[in-house]
Amino acid sequence: MPPRVPITTFARSIAFRTKPQTQWSARSTMRLAPSQYRLYSESKDGPSADRSNRADAQPIEHVSQEAAKIAEIKGEEGPDLSRGTPIEEVVKGDKAAQENLPKVMQDAIKAKASGSPPKGSRSYSTMTTQTSGNGGLDMGLVDLEAASKLAETPGLKFDMPTLPLPKDGHVKHRYDPVVEQVTNLLMRHGKKSVAQRNMATILQHLRTSPIPTINPAKPLLPGAPPPSHLPLNPILYLTLAIDSVAPLMRIRSQRGAAGGGVALQIPVPLGQRQRRRAAVEWIMGAASKRRNMGSGKNNFGQRIAQELVAVVEGRSGIWDRRNAIHKLGVAARANIILPRKR
């Protein structure tokens, strides 16, 4: 049997050397890989250089600016840059662009070339609102020309207000008095936002309704505008409908006025707000009895608007109620007790 050789002594006698690891430097790696971009150090301008003054960085001029420069070089009159260039001047000479314009602009270009007014043109302005300075209605719009002017008073950013102050100058009185009163009468349980929503529905219905047909037997207030003008101004439409059926008086029953226990019917004149309040209450009562024509539950404003249109056209039963009170007031005018003259 051969002698046993210890493994530990056998391993000690073998020379073992680890394989040396090759280390690559970062610089050699960068040298081997070619540069894919140009560094700022190789360019003429540094990273913080201002390039806005270069020719290739300037924005392209507008067509109007280019035309103005060409006209200035030729000594001709170019487009006014402060007002902008009309579309007719931009597409002048371009037949393909003129074919894509709306029919109104095409007619205007043809009329300008022929020297005759376009077919169907109006001699008046088609602006929906006019300022009071031009002889029209004052719709409460802001005058942009007056707002752009600087204050002439030193030390003030804006000019002093003109006196007397307008009625709607206060933030609490910025609405029309009729609109404000009707909104308050429409309010229930303190929910004014719901009343304002119904008021907006009423005005929208009056604005989009067709031209009413006036009944000669039940005329509106004297001096009322033509029926075709009413949908253009829904607030005027609302005011005219309320004031036309508003009663001028109310009948008050007074006991013992004639002696004994007999009650007398005494007519009492009403003020403007009282007359309008009575008319609005009548309109609301008649609208509540109307049939719901639309979908949903909350369309009370739509029924009130329909009742207002019926009042203007003379189809509402409120006219008979108003005439009955006036007839009773005229019959009971002998019961009015006047103070004795001294």
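Me: Does His189 count as buried or exposed, and at what relative accessibility?

Reply: Good place to start, and keep in mind that this is a predicted model. His189 sits in the loop between α8 and α9 (192-208). A residue counts as exposed when its relative accessible area is over 50%. His189 therefore counts as exposed, at a relative accessibility of 79%.

Me: What is the phi of His189?

Reply: Most residues other than glycine have a negative phi. His189 is not a glycine, yet its phi is positive, at about 60°.

Me: Is Ser209 buried or exposed, and what is its relative accessible area?

Reply: Ser209 is found in the loop between α9 and α10 (234-245). Leaving out residues up to four places away in sequence, Ser209 touches Pro231 and Tyr237. The cut-off for buried is under 20%. Ser209 is therefore buried, with a relative accessible area of 12%.

Me: Which residue has its backbone oxygen 2.9 Å from a polar atom of the side chain of Ser209?

Reply: Here we look at the side chain of Ser209 and at a backbone oxygen. The two atoms lie 2.9 Å apart, and the backbone oxygen belongs to Leu206.

Me: Is the peptide bond from Leu163 to Pro164 cis or trans?

Reply: Most peptide bonds are trans. Pro164 lies in the loop between α7 (144-148) and α8 (177-186). The bond that leads from Leu163 to Pro164 has an omega near 0°, and it is cis.

Me: Which side chain is joined to that of Glu313 by a polar contact of 2.7 Å?

Reply: Glu313 belongs to helix α12 (residues 300-313). Setting aside neighbours within four places in sequence, Glu313 is in contact with Pro212, Thr213 and Asn215. The polar contact of 2.7 Å, however, joins the side chain of Glu313 to that of Arg315.

Me: Is α11 oblique or roughly parallel to α13?

Reply: Two packed helices are described by the angle between their axes and the distance between the axes. For helix α11 (residues 272-288) and helix α13 (residues 318-331), the axes come within 10 Å and cross at roughly 140°. That angle is why α11 is called oblique to α13.

Me: How many residues in the contact of α11 with α13 are nonpolar?

Reply: In this pair, α11 passes α13 in a right-handed crossing. On the α11 side, the contact is made by Trp282, Ile283 and Ala286, while α13 brings Ile318, Arg321, Arg322 and Ile325. Of these residues, two are charged, none are polar, and the number of nonpolar ones is five.

Key
Residues numbered from 1 in each chain as written. Predicted model: local features only at pLDDT ≥ 70, side-chain atom pairs only at ≥ 80, totals over all residues. Heavy atoms only, no water. Axes fitted to C-alpha atoms, helices over the stretch in contact; angles between N-to-C directions. Helix = DSSP H or I, 4+ residues; strand = E, 2+ residues; numbered from the N terminus. Parallel < 35°, antiparallel > 145°, perpendicular 65-115°, else oblique. Left-handed = near helix turned anticlockwise from the far one by under 90°. Contact = heavy atoms within 4.5 Å. Nonpolar A, V, L, I, M, F, W, Y, C, P; charged D, E, K, R; others polar. Polar contact = N/O pair within 3.5 Å; in protein donor to acceptor, adjacent residues only side chain to side chain. Buried < 20%, exposed > 50% of the residue type's maximum accessible area, 1.4 Å probe, protein only.
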